[in-house]
Amino acid sequence: MSAGESAGKRGARGPASASSSRQWAPYLEAGCGFKNHWYPALFSYELKDNEVKGVLIAGHEIALRRAKGKTYALQDRCLHRGVKMSRRPLCLSDELMTCWYHGYSYGLEDGVLRTIVASPDDPILGKVRIRTYPVEERNGTIFVFVGDEDYQPVPPLSSDLPLRIGADEDPNAVAYILDENVFVRGIHRTGNSNWRLAVENGYDPGHWLVHMGNTIIASADVLFPLGAQPVSDEAVRVVEEEEGPKGVMMMYNRPEAWNMVLENPLLGLKARGTKPYYLRTSMYLPGVLLVEHWPIPGWAQYEWYVPTDETHHEYWEVLVAHCRNEADLKDAEYRYKNVFEPLALRDFNDNDLFAREAMQDFYENGDGWNKETLCQLDNALTAWRKVASRYNRGIQDRPAGNGMNGGGNGHR
Amino acid sequence: MSAGESAGKRGARGPASASSSRQWAPYLEAGCGFKNHWYPALFSYELKDNEVKGVLIAGHEIALRRAKGKTYALQDRCLHRGVKMSRRPLCLSDELMTCWYHGYSYGLEDGVLRTIVASPDDPILGKVRIRTYPVEERNGTIFVFVGDEDYQPVPPLSSDLPLRIGADEDPNAVAYILDENVFVRGIHRTGNSNWRLAVENGYDPGHWLVHMGNTIIASADVLFPLGAQPVSDEAVRVVEEEEGPKGVMMMYNRPEAWNMVLENPLLGLKARGTKPYYLRTSMYLPGVLLVEHWPIPGWAQYEWYVPTDETHHEYWEVLVAHCRNEADLKDAEYRYKNVFEPLALRDFNDNDLFAREAMQDFYENGDGWNKETLCQLDNALTAWRKVASRYNRGIQDRPAGNGMNGGGNGHR
Amino acid sequence: MSAGESAGKRGARGPASASSSRQWAPYLEAGCGFKNHWYPALFSYELKDNEVKGVLIAGHEIALRRAKGKTYALQDRCLHRGVKMSRRPLCLSDELMTCWYHGYSYGLEDGVLRTIVASPDDPILGKVRIRTYPVEERNGTIFVFVGDEDYQPVPPLSSDLPLRIGADEDPNAVAYILDENVFVRGIHRTGNSNWRLAVENGYDPGHWLVHMGNTIIASADVLFPLGAQPVSDEAVRVVEEEEGPKGVMMMYNRPEAWNMVLENPLLGLKARGTKPYYLRTSMYLPGVLLVEHWPIPGWAQYEWYVPTDETHHEYWEVLVAHCRNEADLKDAEYRYKNVFEPLALRDFNDNDLFAREAMQDFYENGDGWNKETLCQLDNALTAWRKVASRYNRGIQDRPAGNGMNGGGNGHR
């Protein structure tokens, strides 16, 4: 046995081989993310009227501006000398976005240059413009459609959101983020890894070891398996209806599809907790997780792993719950603030953030994708890679280096 | 209207076109600055007798040493193992600069290796040398002539200093930095941008928006226009007399040449202040600004944007005023310390430093120079670029990476 | 005399010429160190039972684990997703090293994958492995043999340790690190320079200027020369017996071989101290210094300059003294703690660390090796370079960038 021996001896169902990785070749190119998809940009409360804030999504520098309550998304580089307008927000008009440096002022709706502070009759007025991005603001979250400016038609937001399992399979359906009467609360923070490593960590049926002993599990005495082994082709369902979202669902609700591993004899390790607990995870394009019945039955956790640059993602963790009345809302708020945010979104998911960042250097230069040694548990992983490779709406190019990805110096 | 459309539709007087940018092609190569020019290195008070201090100018690492009151400038790399001598100043002799590591000792006047601490009879003594730089110390400032060692003759310091406007046009001339009986005080600090972005910010007639509301303006109730529009060919005067300094003067003193913009109707923006105020800005090679009658009439502000490396400059701000007697000097000192340094050099110019640094990433990889979208206000800018391209005494190469720019391992 | 003139005029015995540097060409390639040598990894007290700690040696990422008292060294990258196992130590078994992420568990002795926490029957079990490294733990120090996995036979640790001078030449021999009844204590810390600059600083007969006035010298009134000039071919002895360690010994004990320089008239500099003092320095492959009779007669200081990456080394400073009984040990401990650690290992050697780091940028891009200007004192230096070039057991490649140097994805 020596290093460098052929991979041909690997188990047939087990790790990835060179030929299988060809099935997700497009995914391997998507270091900057997929384009022509909807991504969350800010929570609504983070953008007050006449505020300007800059975000980076899949290499696109985007300035968000709220004016008279409406939210606009424009290229965050002034055409003149290339400064970011969001670096020094300046709101002089409800119709225009004005750059703080020389006062180039662009229409919020169309990005056309309308005036320059000290050159109100300049010949270039009306002749050049910055690009704009479609925006949807729903239930406290601002989503932006990021990609090619001429991509038409812009698909509905719902096509980039996870589906719940059908009522036929789970009559007690969790809350959906676009529903009316839902409580929606969460956080977002920067993760120091490529977005794909975050996705692959998010719903990984084999990574539960990192959560053993996490307080939210231990305090509820929930039976927490060592991991979940797929034991039939039903284990991972591919969701690929034509107009709908595309992704993979872990069918943990099917006892015949997954073997919940409760013991590893060689390591003398046993699952802790006594109360059997049911949840389910799904991963959808462009990289959004749904955990149904988490952190408690009836609630749902959404997670986005928004690509920023190749080595970072913005990690979004959002909890959604049905709230039919004021009392429900107060109760949800109480639980969120005192239990779920500190113990689920922070303590529990901090372990995931750690794991993603720990993978980063191995994958950063591209070799990890070829050198990884997958096992049976990774069938769920490869299912996602194939779906993502097949159904994405485009692969985002690397930005040019001056941060003008998707922007450019647009002329009429 | 879509991104990427031809620039051919731009206004004729307006933004730069590919053909116009060819007129300043040499300037675009000058990321490390122009060579064979005089640059300020330190204020005199910063170099005491037997002190050694290192500076970086246009990629040249230079050790300044004062011995018996005289200032010397030598290559700041010992020939032996390449350490910077300024990192651990060691002065054992008034005639020699001794490296702290093995004691290689070089003549202050000629850079020749004269002895080695533990090898006083070494065969290489007298056979190798480090290079030296011409130095001029005037009115509290140490200037070094940086460039090719064999450049001859070394031009006078005055050829790299700004000219005041002539007495025929302004009988109340401001103080000149080489005059006798002047008060000269200032600061220098590191700017995180290429030196050219600093120059272009310094005298920009269109950037006054960033200074609106600055305390030194507002407290004096000075009429501060939104910007200055050039309206005749007289607006920018090119200074190019054969032996003299080369540069551009903004002729703000000519009411027929510049339109002071007091209002932008579309933005509902009006100039503040009531007292009309006259100043003038000029920019000279190798990148030195003169603001006449600033911060008050009779005073002058000099600014150097000394190239250090491609992404930094040393920002020098120096105020000069006539001082005929001790009372004048006390008064100038009082104003400098309590008003001009905090409100002009710091508060007001902090905004400029911010703006330059905000441009840096757009220009850093070279694309900004081709992607910028200039307007009418930028005629002053392009005039400078042309003058700089035409009259510089050489373009500094990029340093080799080991900091030996302009140094090298000189042998006799 | 001008820069760039030919080096042909240099003194014949003096600086390196292009032809002489060809004699140590392999050394110039060894930026990541020499492979197939023994290096210190940790002090024994730094690795407690069931601890896992990661070290980087010559680009090899190595996880050290102690189980039931025995120390193991394994590749510090899990095969699965490439995380470092040492980042979150997890010890579930005395025979296995378990990765904290998914629980891939490898045999401590052979590195073979034995189980996966949630996939205890995975087909890849027993089919893949991580590599292991030979370990020797002696007198409080853990040494690892770093290099090619198939290098056979592994030479004894003693072949990579310095030799004392023979009893015929020094009847009062210092302690040897592998002796019984020795006191061994020290520190290690990161140096911000390539390991070769550290080596070349360590025993340099011309660098004593940086130690002038160091407290441990001055307080003992030791006669401290300005440097040592080699004056015969006996000055530097090459040690190259077939099975033994390879290196160079400075024969300071021979008065006819070295001229102790006590004065430099041109600089007016004289050696300080009155008590003549005898010590000797040697440098051995793979880069380990022995200073005999330092910091006091009978004691020895060992120093390793362990290559980590190309721009850093781990600087090991270890003092060794004979200790025949408990009283000796107490005395050694007292001196070490109160005098030798603060004044020798710290204060005195801090100056060396400073010097190495000061050389780094000059040598970092490779040019320093060609641009340096050596003098007579550097004969000792070039002797080492030749020995190192000739007798090393291999030159370590640069790591691939994902930290998998020497590791790789080993399959059976």
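Trainee: Is W38(A) buried or exposed, and why?
Mentor: W38(A) counts as buried because 25 C-beta neighbours lie inside 10 Å. Buried takes 20 or more other C-beta atoms within 10 Å of a residue's own, exposed 12 or fewer, partly exposed in between, with C-beta atoms placed from the backbone. This is a predicted model: local features need pLDDT of at least 70, side-chain atom pairs need 80 or more, and totals for chains, interfaces and linings use all residues. Residues are numbered from 1 along each chain as its sequence is written, and chains are lettered from A, ligands numbered from 1, in the order written.
Trainee: What does W38(A) touch?
Mentor: Leaving out residues up to four places away in sequence, F143(A), F145(A), L157(A) and D160(A). Contact here is C-beta atoms, placed from the backbone, within 7 Å.
Trainee: New topic. Which residues touch the most other members of the largest nonpolar core?
Mentor: V320(A), V144(B), V320(B), V144(C) and V320(C), out of 346 residues. Such a core is a set of buried Ala, Val, Leu, Ile, Met, Phe, Trp, Tyr and Cys residues joined through C-beta atoms within 7 Å.
Trainee: Where does this core lie in chain C?
Mentor: Between domain 1 (37-136) and domain 2 (161-391) of chain C, because both give residues to it. Those bounds come from an automatic or database domain assignment.
Trainee: And what does V144(C) touch?
Mentor: Its contacts, beyond four places in sequence, include Y39(C), I57(C) and Y133(C).

How values were computed
Contact = placed C-beta atoms within 7 Å.
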